[in-house]
Each structure stands twice: as C-alpha cells, then as structure tokens.
Amino acid sequence: MIVNEQIAVDHGLKKDEYAKICELLKRTPNITELGIFSAMWNEHCSYKSSRLHLKKLPTKGKKVIQGPGENAGVIDIDDNDAIVFKIESHNHPSFIEPYQGAATGVGGIMRDVFTMGARPIANLNSIHFGSPQHKKTKNLLRGVVHGIGGYGNCMGVPTIAGQTSFDSSYNGNILVNAMTLGLVKKDKIFYSKAAGLNKPVIYVGSKTGRDGIHGASMASASFDEKIEEKKPTVQVGDPFTEKLLLEACLELMAGDSIIAIQDMGAAGLTSSSIEMASKGNLGIEINLNKVPCRETKMTPYEIMLSESQERMLIVLENGKEDHAKKIFDKWNLDFAVIGKTTKSKKIELYFDEERVADIPVNTLVENSPMYNRKWKKAKLPKKNKIKKEDIKHLKIIDTLKKILTNPNVCSKEWIWQQYDHTVMGDTIQKPGGDAGVVRVHGTDKAVAASIDSSAVYCWAHPLTGGKQVVCESFRNLISVGAKPIAITNCLNFGSPENEENMGEFVECVEGIGEASDYLKFPVVSGNVSFYNQTKDQGIKPTPAIGGVGLIKDYKNMITMDFKKVDNLVLVIGKTEGHIDQSLFARIILDEKNGPPPEVNLFNEKNNGETLLKLIDNKLIQSAHDVSLGGIITAVAKMCIKGKKGINIKKPKYLINEIEYLFAEDQGRYILEINKKDYRKVADILNKNAVHFDELGTISENEVYINDKTKVTIDELSTSNKSWLTNYMSK
Amino acid sequence: MKSSVITFPGSNCDRDMEVALKKFGFKNKMVWHADAELPKSDLVVLPGGFSYGDYLRCGSMASKSKIMNSVINFANSGGMVMGICNGFQILVETGLVPGVLLRNKYLEFICKNVFVKINNKQNKYFKNVNNEVLEFHIAHNEGNYFCTKDQLKEIEDNNQIAINYCDENGKVEDKFNPNGSIKNIAGIFNKEKNVLGMMPHPERMIDTSLSGEDGSLFFKNLINNLK
Amino acid sequence: MKISIIITLKKDVLDPQGKVIQQTLNGMGFDDVNEVRQGKYFEIDTKHNDKDKAKAKVDEMCKKLLANLVIENYKIIDPK
C-alpha cells in the first residue's frame, strides 16, 4: 500500500503532521512507518496538547526518587524501602466493553508498577458513570466492577479504596481510572533506559494477536455515532498470565541480568521499543519474524501496533539469555530474543529478510508535535444568596437522609465487597474509610492511599477545583494518621481542541500545581485522558488525584468510626456556611450555579499538620474529614461506622443551623477525643491558631440535634446502605 | 512441626499461609506444583488463589499437577491435608473430599467476615477449640457447596461436615448463608477426618489489626493437636 | 420448539481459558492437541412451532443478550 495524505488522516494524523513526517524522513513513510508515527504522535503517547502545561507541575521533593517520565513514580519511605505508584485511565475501552476494558486497565497499571521491580501491594480505582436513570448505567457499572474485581482478585492484590460517582455528563463516556502501589527496595528499582551496544532485546509474556490495534489512537478520538465501526478487536485481559509474568519478572529481577525493562501497554511493541531506545540514546533493531504471534499471517504493521496484554520488553546483559529463558519456561511464558541494541539511533525493523521500517528515534519522540492550544479562562461565578423561605420549611433529619441516600454519598459496600481487599494479609484499613491502609510487609510501617476527584467543583471553577482535589487527598491521608508524601494524577477532560475544555484543563492543572507545591505534596506520575465526550459535549472536568502517605507505626493508625460513649466531638477548621455547589444546594435546593468553596492553602496545611501532631500525641480516638454533605454527613458516617449516637449542639455562630450543618467549607475535620484530653487538645489547637468548635458528645444510638430533632443510627444506616444494593438488584 | 504449602501457577495466598504457619510455630517449606516429591510434612496445605486462572472449573487443572499424586498418596495414608478456598476447590476436584463448589448464588465475588459454627470437634483440626463459633473471613466467587442427596446423607452419617455458616450466636440459618451452600456448609472433611477443605481463610485473621484474631486461635490449636 | 445456540469467541480474540486448557492437556500427555477454544452452549425452549420464527426470535436474543458481539460470534443450530 502506498501511503498518502488521506491514509494519514484516517490514522488520526493532521495534514500538517503528515507533512512534517515526510519532511523529517525526507521521504514518504511506508504503511508500517505511518502506523508507528500515528501511534507515537497521538495524544495518548505524545501528550502533545498537555506537555506544555504539565511542565508547570511540581515534581520534586526530598522523598521523590523518581518523578514523571518513567513507568511510574517512586517515593522513599525510609529503611531502603520505596513505593512505586501510578494511576491510569481506561475510559474508552471500558465504555465499549466494560468488563474487559476495566480488567485490562487494572492489568496495565499493575504492569507499570512491577516493571519497575516492585511487587504490587494495593489497588485503588476511581470510576464515574452517567446518571443512574440512564439506560446504560447499570450494565456499565456492573461490568466495570466485575472487570476490576476479576483482574485484581485473580492477581492476589488487594483493592483497598476507591471512589464512585454518577453524573449525567458521563452518560456517553464513563471514566475508569485505576491506580496501583508497589513495594520495592530502593537499590533494586528497574528503569526503561536501554544502555550498551549489541545487547539482546527480549520479548516475554503472552503471544501477540490482533488485539486492540490502534487502541491508543482510539483513546485520542471522541465518541460519535459511528463508534461501532471504530471498534478494533477488543483486548481481552488474562490475569492468570499476568500473575505468572509478575512472578517471573520478579524472579529475574532478583539477579543482575536486566539492563532495562518496559511493559507493552498502549501502542505495544512500538512505544516500548522506542521509549527504551530514546531514553538510552540508542538504536534498536528487531526481527519481527521472531515475535511470538497468536495468529497466522500477521503483518509487520499489525505486530507493531498490537495491544495484546501481558507482554514485556527487556534489554538483557549479554550471556544472560539462557538464565532468563529458564525462568520464563518455568512459568510457562513465551520468551524470544527478537533484536538487539545498536548505535544507529534508529528503529530498524526486519520482516522476511526485508527492512520494513527505518526511523530515527528522535523524530518519533523529541520531534513529536507539541501544541499550545487556545484556551478560555473561566470566570469565578457569582455567589448565590440563599433565601430564608427556601430553607425554613426543611427538616434536618429528612434532608440528611436524602443526602445519605444520594448515589454520590451512599455506601459503596456493594462494590467493594466484590473486590478482594484482604489478600496479602496486610490490609489494616479496608475500603469505606478516608483512605485504605496496608502494612509494609514484615515491618511496623504502613502506607495509606486515597483517590479523589471533585468534578462539580472543577466544573464550577477549574482553578479552585484543581486546588480542592489535592487538598482533599491531603486531608484523607491525614485523617488516617498518615503523613502525605506525593500524588499521582489522572486528568480526564473533554477535547483539547475545544477552547473551554482546554481552559478547564489548563486551570485545573494550575490549581493542582499550586496546591501540591504549597502542601509539599509533589506529583510523581500521571496520565492525561482527553476527548472524553460524546459528540461535542465534554464531560465535567474530572482530574482524579491519588495520594500516598506514610504511617511510621501502624498501631497509631486512625479510623473514622466513633469509639466510646461520652467522648467529645470537635470540628476543626472554620465553618463559614458555603452552600454554593454543595450537595445540599444541588439536590435539596436544585441550585446548580455559584462558586465552589474557597480553598485556603495556609489553613489546609496548618490544620492538617496540627492534626498530625495531635495524632502523634495519641490524643485522637477517631477522625474524618468534612467533604460532600458537610458536617452532619461526616458525623452521620462516623456514627454509622461506630454504631454510636451523638448529641449535637450548634455553636453560637451567626450562620443558621442548615448552613452550619450542610456547608462544604474546606479544611475541616471531625475529631473524637477523650474528655480528659480536652485541655491538652485545646492547647495544641490554640497554640497553632487552628479554629475549632465543640460539636457534641457521643451517645448510645441516636443523633440528637440541638435538643429538638433526633433519629436512630439504624435508620441512618439503612438510608446510607440501601440505595446501591436496591439499584443493582432491580 | 513441619508443614508444606503447595504453590500452583496462580496461587496467591501461598505467602499469607506461610506467614501464618510460621507465626504459630510450623517449620514451613514452599513446594512447587511441578515437583514430584513432598518434603517430610506433618501438614500439607493447598492455599487459596486462582490456580490456572480458575479457568475451565476452579481447581480442575491444579488437581492434575504432578505434586498432587504425592499429596493424594499422603492423604490416603492418613496425612493431614488442608485446602483453603481454591485449595478446597482443588481437593474437591481430586475427590479427596466429596461434592463440588458452584458459583455463588448471587453471582458475585464476596469478600467479608462471616461466622462459622464448628460442627465436629472429633478431629485434629478442631479438637480442644473452646469456642463453638469462630469469626472467619471469606473471599471467593465459587464457594457454593453442592452435593447429591445420597452424598449428603453419607456426609452427615459420617459426621463429615466441619463448619457451617451461622450468625454470631451460632444460629445456622439460610439468611447467614453467603453463597447458597447446601446446609450452610463452609468446610468439609473426608471420611477419616485427616483431610479438611474449607472456603474461609483463617490465615487472614491472625492479628488484631487485620479482620480479627480467630485465625490465631485455629492455628495455635492445630499445632498443639499435631504435637 | 427447542433451539440450540453455540457462542464462541471471535477468531482474533484471545481466549485465555482455551490457551491454559490446551497447555494442561499437553502437560497431561495429550500431545495431539494444537489449540483449544472454549465457548458456551444454550438450549432455548421457545413457544414457537414455526422453525423460522423461532430462529428469528433466538437470533434477536443472541444479538441483544446472549452474545457479546464485541468479542463473540454465535451460531444457531437448526432444530431437528
């Protein structure tokens, strides 16, 4: 086939991009080469619309061993231990085939982590669906949950936390973001940088089939009505093979055979070989006839672009081939020497004795396009004034029940009970809390991780929303007693070619950068997913933040369930009564306008760090951050989990009861303390200038508000737990 | 006391089991499925996980592994063999214990704490356990125990039911049955009571920081009974 | 009328189960096995007595529920 401009456009390249390819090669590419360029230059691999802005994120810190640019980020957790972690999206494949899409998403992120030598120790996920009433939602939810469980459970890695939301903006484009944490010794981390000449290039894992050819290009195109036609052969996940691949790789990594290793994810053999060559400033020569294939008559084009799962590319030390082959044979996996490193700085591919591609590596990487897309700055919406008559008829208990039943607040037990969250025997905080916590096997340390996003805030004002998500992650880690260390981000947005969507991206990233810089909570890895839209309707901007923190002694971990009757409950952080964009405003007042709550980074940092001090002094019995639904929702969840009640007295503020209980002001936590510790706690809070209110006292089994309204915990618990189960069983 | 934990391709609770066995005093060896010989053992454990990806039928392919010949001989000569979760599924496929394990009644994987009532203490696994009810943890997709009427009669006549799902007070009722198992069966013995298969994972309950501590009780008692 | 359906994975779609079953059969000494593909078999008893009508209905069921057309093919077997 002779390549021309039209074929290039069909591959998703722009006309000027095709012209640039011809210019760089000084000739017309053949079809295999065009396929390679289209895979490397698409949004998913080249970050061409986002690179410019991502550069502004803070990525360094005392605890950062590896920032963005590798398979995953790495942080130091002392004693020669390190945590490798990353988040990745698998949105488009999950919409087409929810089970396999979600499963392969989980498989892909685990590979990113064990490629670096780390054994995965925890999975998390952030999943977003259309309105519960939308006809596709239920099946998509069921498929995605089964897919995540199917893969993670089989791998034997606990799924310890997650987030699920529903919003009509995801009706035609769901989001599936998966995150994995792995544990590695600091001196045994593996990278993707090839080094040395004439080193064997090894292919291991599953065979190559025609799976997902051009999946990476699909991730960069928006859905339209013709999506059916774009369906490539869907990738099917094989967690069993991945489990074998994990064990085989870790076994090989225990020795000193590997120079570089890279998993074959998006754009398969193409991106993995090019990345290794580019980082090592080398060339790679591959004989495609040596690649283990599942189907007959696969062409070079198909072999290079296949996205078959559970495969790795390794550059070995000379003479280690037999040793490595023995290990992969033992685990019943394919092993083939398919090429070698060269000094040419080119990717050279041979098939049936013929050279079928010859491309300088730098044209694919350094010379890939980078765009400064046009974007529109968002205005801060005007504040709404709540009318007294709108709220005076409201009954607090009914309102609270409505909020606890809301799909975005209700208990997600139906989901996380389907994930094995206890395998590996180190899960000390299960899903349903502020963060999941796993012990560092065989030590007193524990690692906490949470995953958060606030699409509504980001949609109302991207800059504030971006800051808020980072702060929420920070708070969730602190609530379990962990010192926040670093984050990974999964940036889910609409089309970068739409000025408003691009503006949302730019300003959310700016907000994330500002908050992570201030909180010393750097970004060490991440992923951008654009074109999340149906026709020209983009999703609400949904940056998901995965935060990781360290608990030095796991016995000091905090949980959110109320512990003891007669203990005092405090709120730290000031309540101003911000109702705009709160759950209360949206579902009770049906008000969608207004600004999100303001983020005060000084208070966030100060309140959080002071709470860590209280925890260090063993003064805290339980803690929970205040988020969706305000103080009363947070307190209700602590009651439900601890099967205790509370007697609440609203402090003598100027704002009214409703605003006090349902406002979503930031930087706040609910704390349970022993009465006898009150003086000590108050002293520390006062000394650090942290505002706090005395909210009430823990009681037997009722929530009693200002001596007038009350409700039993059983009733609240039923409201909170029944929605999802009922929805899924209908 | 010496124990052996068999690792099949896809086993993923093998390490957890070893940690538990060692914690309570066993000298444990990990044994690869392709080996022919079992090391000298007082207890052989088939751990949980997804041997061969649970493909075809859970446990079916692992039951054909090389090491299983030795395990079967060991069991038939009175050796203690315990299969947990996927290990139970493997035992069923070998025929060492009767019945089959079907897909959970509600078609979903379940990971949660459950209570089980000890039905028979006249054996080395549960002899001297003071409690009647233990809090254990399950994590499975195919734990729905089924057997024919004739088999059930034989099982009951021989007192082969080891544990039943129940509530915290030991009440065995349908509403405490998480997966649809016949008679709430959570674990079962062979006729001689030296082979035990059960769905719950005692190895995940060996520490107050985890799901609970009744697993500690089980293992402590087990090693004492073997001495 | 009883209609039978066989559902198989599309030709180019990976069949992890088939692959492992094949390896196990080989390992057990069945060297004569090249490849195994696993599928599903359904028997549907319909109220129709007319063969074509019954087949047409079952065809619709396959499209709407029984087969996942993204990764599977189906074949309706003529009732005898």
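1. Strand S16(A) is covered on both faces. On one side sit Ala446(A), Ala448(A), Ser450(A) and Asp452(A), and on the other Val447(A), Ala449(A) and Ile451(A); all are buried. The model is a predicted one. The strand covers residues 446-452, and seven of its seven residues are buried, so S16(A) is largely enclosed by the rest of the structure.

2. Which strand joins S16(A) through four bridges? It is S15(A), residues 436-439, and the two run antiparallel. One bridge pairs Arg439(A) with Ala446(A) of S16(A).

3. S15(A) and S16(A) make a hairpin, with six residues between them. Look at Gly442(A) in the turn: its phi is positive, about 80°.

4. S16(A) also pairs with S21(A), residues 542-551. The sense is antiparallel, over seven bridges. Here Asp452(A) has Ile545(A) as its bridge partner.

5. Turn now to chain C. Helix H2(C) takes in residues 51-66. A straight helix of 16 residues would span 22 Å at 1.5 Å a residue. H2(C) spans only 19 Å between its end C-alpha atoms.

6. Which residues of H2(C) are buried? Ala54(C), Val58(C) and Cys62(C) are. Seen down the helix axis, the buried residues of H2(C) fall within an arc of 80°, so they line one face. An α-helix has 3.6 residues a turn, so residues three or four places apart point the same way.

Key
Residues numbered from 1 in each chain as written. Chains lettered and ligands numbered in written order. Predicted model: local features only at pLDDT ≥ 70, side-chain atom pairs only at ≥ 80, totals over all residues. Buried ≥ 20, exposed ≤ 12 C-beta atoms within 10 Å, placed from the backbone. Pairing = 2+ DSSP bridges. Expected span 1.5 Å × (residues − 1). Arc of directions from axis to C-beta.
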